[in-house]
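Trainee: I am new to this structure. Could you walk me through it?
Mentor: Gladly; let us look together.

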Amino acid sequence: MSDTNGYHSGSNLERILRAGHFAVTAELGPPQNADGEVIRKKAQLLKGYCDAANLTDNQTAIVRMSSIGAGTILVQEGLEPVIQMVCRDRNRLAMQSDLLGAYALGIRNLLCLTGDHQTFGNHPTAKNVFDIDSMQMVQMVTGMRDKRVFQCGEEFKGQEPRFFVGAVESPFAHPIDFRPHRLGKKVKAGASFIQTQLVFDIEAFKKFMDKVCSLGIHEQVYLLAGIGPLKSPTMAKYMRDNVPGILIPNEMIKRMEKAGEPWAGKSKDELTAEDKKARTAAWQDEGIKICIELIQQMRKIKGVSGVHIMAIEWEKAVKPLVEGAGLYPRPVVPDASTVSAQPA
Amino acid sequence: MIVAEQKSLDEIKKLVGSAQKVLVVGCGTCVTVCFAGGAREAAIVAAELRMSTKLDGSPKEVTDVTVQRQCEWEYLDEIAPKLGQVDIILSLGCGVGVQAIAEHFPGTWVVPGLNTKFMGLPTEQGVWAERCAACGDCILGLTGGICPIARCSKSLLNGPCGGSLDGHCEINADISCAWQLIYDRLNSMGKLEVLMDIQPPKNWQTSRDGGPRKIVREDLRLDKKEE
Ligand code: SF4
Ligand code: SF4
């Protein structure tokens, strides 16, 4: 087995969390084309402002550049990737072989998800896979890492893929009482970190975390709370009403509406292009302000080890968020290879 | 039961094509109960086909007959005498029935009049819902008698996913979330601890993924060698 100094993978994200720093990850959406420049540009927006960037895997079942392909570009750019992998598109053979390849390409963090159903995406007539589920994927990849066995139980020789393995949980999806337990199951399966669905309702989230802590789960896993800036009151209401597991308190929606008030009296046709631009900017400023407050509150919640910023198609927002929350510059924790080996 | 739905008359006409003499064969079992291909439906489809081809100016000779069970060869023998007088059979049986006819009468062209949908049950008058996907290794004992293979849109064994909301599945507000149902049932029976175990990956070999399936019961075979 390779020398890992007691780390699972020794990735930057793992080192930051292990050192007790409040971690920041950010989402980077790969493009719906083969242009690597898109990834490079987005990487430049995030570099230095997060400890690792998540690359989504055909998010909402829409074909995009693969997370492994995009992740490899991030490695070249010096921004650490967390590749996401969903159960919808690959069976256990494809998952394992792609992960062997991903490790060989220098990828060290993996997030295991179920994946949105394909009816949401641009290929609703596709056949789905769902050979194994996200919990079983976590078991499979930690088995490959820790026992050097494939899912079938067969041992293999040579380099094992050593990923820092994460999973997700949606604290407010139903049945709500089961969610902390399901998180516990993912930890039992071997997940080292958890990234949550977007959280806006801090009070509800605190209750969830109380339960997580009372079960002792927070001592076995690093939990990164999902946060993201609202772009407009319409977007906020859309998410509240249409995305399962997203709760947005009314006051927050009112704050967004208030930000757009100077333009509220005008009808659609009366608004000039300038007006619209100014209104968008006012909404975005308020969205970022709210989000910074959320991060600050998250830092005080027991069991929360960091935040995962999902600024969907708005990667530019990450810099002001991280700076505004006092999380810049990001800490540097020396590479595992430069730390003296700990006794086994 | 096997639940099926009739194809449109347009599609049926395309399938029948230029054949002149058509025998519509209904089935007296599952598809009768789900009002898709019983004696009544066979008579209606035959009449529609007669009328419609007459209006098109090329009337076809269409007759109908309904057997008790299309999916067993012995019940098909009663239509054998009619085969000399027809060019094509339009089967209103499920996919098994259509194939039973094709296998039993190698010289007769048969086309399907139904789309076979699923194994399920009527939940109310006029509504049928899927219940079993014939995975070949039943796990209902772990899930309070509610099947996650057939009824969870992602066939999760460690559900529910993050898309479960207000009792319905993320794909459609008309579809119940199987895992919410499982959770509620285990909860009401005081058996939630069952859900705390991680279910291992399923062996899909017993399912269609293992190739076409077959059961051989030596104890029941007639051509068994006598001692
Ligand atoms: S577990 Fe398999 S056999 Fe049992 S009901 Fe579900 S699909 Fe059918
Ligand atoms: S919402 Fe429920 S039924 Fe639908 S895929 Fe998720 S767990 Fe399965």
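Predicted model: local features only at pLDDT ≥ 70, side-chain atom pairs only at ≥ 80, totals over all residues.

Mentor: Residues are numbered from 1 along each chain as its sequence is written, chains are lettered from A and ligands numbered from 1 in the order in which they are written, and side-chain values use heavy atoms, with hydrogens and water left out.

Trainee: How much area do chain B and chain A bury between them?
Mentor: The contact (heavy atoms within 4.5 Å) involves 30 residues from chain A and 26 residues from chain B. Buried area is the accessible area, taken with a 1.4 Å probe, that two parts lose on being put together, summed over both. Carbon and sulfur atoms hold 59% of it here, and the area for chain B and chain A is about 2500 Å².

Trainee: How many salt bridges does the rule find across the interface of chain B and chain A?
Mentor: A salt bridge needs a side-chain nitrogen of Lys or Arg within 4 Å of a carboxyl oxygen of Asp or Glu. Across the interface of chain B and chain A, the number is zero.

Trainee: Why do the buried residues of helix 9 of chain A line one face?
Mentor: Helices here are DSSP runs (H or I, at least four residues), numbered from the N terminus, and buried means under 20% relative accessible area, exposed over 50%, partly exposed in between (1.4 Å probe, protein chains only). The buried residues of helix 9 (residues 250–259) are Met252(A), Ile253(A), Met256(A) and Ala259(A). Seen down the axis, with directions taken from the helix axis to the C-beta atoms, they line one face because they fall within an arc of 120 degrees.

Trainee: Which exposed residues are on the face of helix 9 of chain A turned away from its buried side?
Mentor: The buried side is covered by parts including helix 8 (233–242) and helix 10 (273–299) of chain A. The face turned away carries Glu251(A), Lys254(A) and Lys258(A).

Trainee: How far apart in sequence are the parts tied together by Arg90(A) and Asp57(A)?
Mentor: Their side chains meet in a salt bridge (3.2 Å, N to O), and both residues are buried. Arg90(A) lies in the loop between strand 3 (81–86) and helix 4 (92–104) of chain A, and Asp57(A) in the loop between strand 2 (52–55) and helix 3 (67–77); strands are DSSP runs of E, at least two residues. So the pair ties together parts whose separation in sequence is 33 residues.
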